[in-house]
Amino acid sequence: QVQWVESGGGLVQPGGSLRLSCLASGFKLEYYTIGWFRQGPGQEREGIACINSGAPDTYYGDSVKGRFVISRDNAQNTAYLQMNNLKPDDTGVYYCAADCPPALVWGTGRRGAPDYEFWGQGTQVTVSS
């Protein structure tokens, strides 16, 4: 059974940093492209960063490019999101999925993953002074 357990969120001041983790179970992470998604207050859940299973190549949304770094440890079956220089607009619940929205790779197309069925509980990030 596919399961994700996201962790590492919390309350942080603007300009601070957090490192999120996403532990996968029920499948081998190394064979899949992995995405981090964010759902802000009153907003749709959208992809913000992806890492593929190959080179690995990484892709970022414009709102996080240059501040966030996605990585993976296949031996630990875990994906990570290092978030630096956090802003209040980064507030939201963060999720992992074995999906990468076309908008992150090609700049157009869907931004979320509405058909993905295996969402975890997410981890809350609040950026506030």
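Modeller: Rings of Phe, Tyr and Trp, the last taken by its six-membered ring, count as a pair if their centres lie within 6.5 Å. In this predicted model, F37, Y95, Y116, F118 and W119 form one aromatic cluster.

Biologist: How is a pair of aromatic rings described, and how many aromatic pairs does a search of the whole structure find?

Modeller: A pair of aromatic rings is described by the distance of the centres together with the angle of the planes. The search of the whole structure finds six aromatic pairs. For F37 and W119 the ring centres are 5.2 Å apart and the planes stand at 80°, and because planes over 60 degrees apart count as edge-to-face, this pair is edge-to-face. The pair links distant parts of the chain, with F37 in strand β4 (residues 34-39) and W119 in the loop between α1 (102-106) and β10 (123-127), 82 residues apart.

Biologist: Which ring forms an aromatic pair with W119 at 75° between the planes?

Modeller: That ring is Y116, which pairs edge-to-face with W119 at 5.2 Å centre to centre.

Biologist: Are F37 and Y116 buried or exposed?

Modeller: F37 is buried, with a relative accessible area of 0%, and Y116, at 15% relative accessibility, also counts as buried.

Biologist: Which residue lies over the face of W119, and over which ring does the charged end of R19 sit?

Modeller: R45 lies over the face of W119, 3.7 Å from the ring centre, while the charged end of R19 sits over the ring of Y80, at 4.0 Å from its centre.

Notes: Residues numbered from 1 in each chain as written. Predicted model: local features only at pLDDT ≥ 70, side-chain atom pairs only at ≥ 80, totals over all residues. Heavy atoms only, no water. Phe/Tyr/Trp six-rings, centres within 6.5 Å; stacked < 30°, edge-to-face > 60°. Helix = DSSP H or I, 4+ residues; strand = E, 2+ residues; numbered from the N terminus. Buried < 20%, exposed > 50% of the residue type's maximum accessible area, 1.4 Å probe, protein only. Lys NZ or Arg CZ within 6 Å of the ring centre and 35° of its normal.
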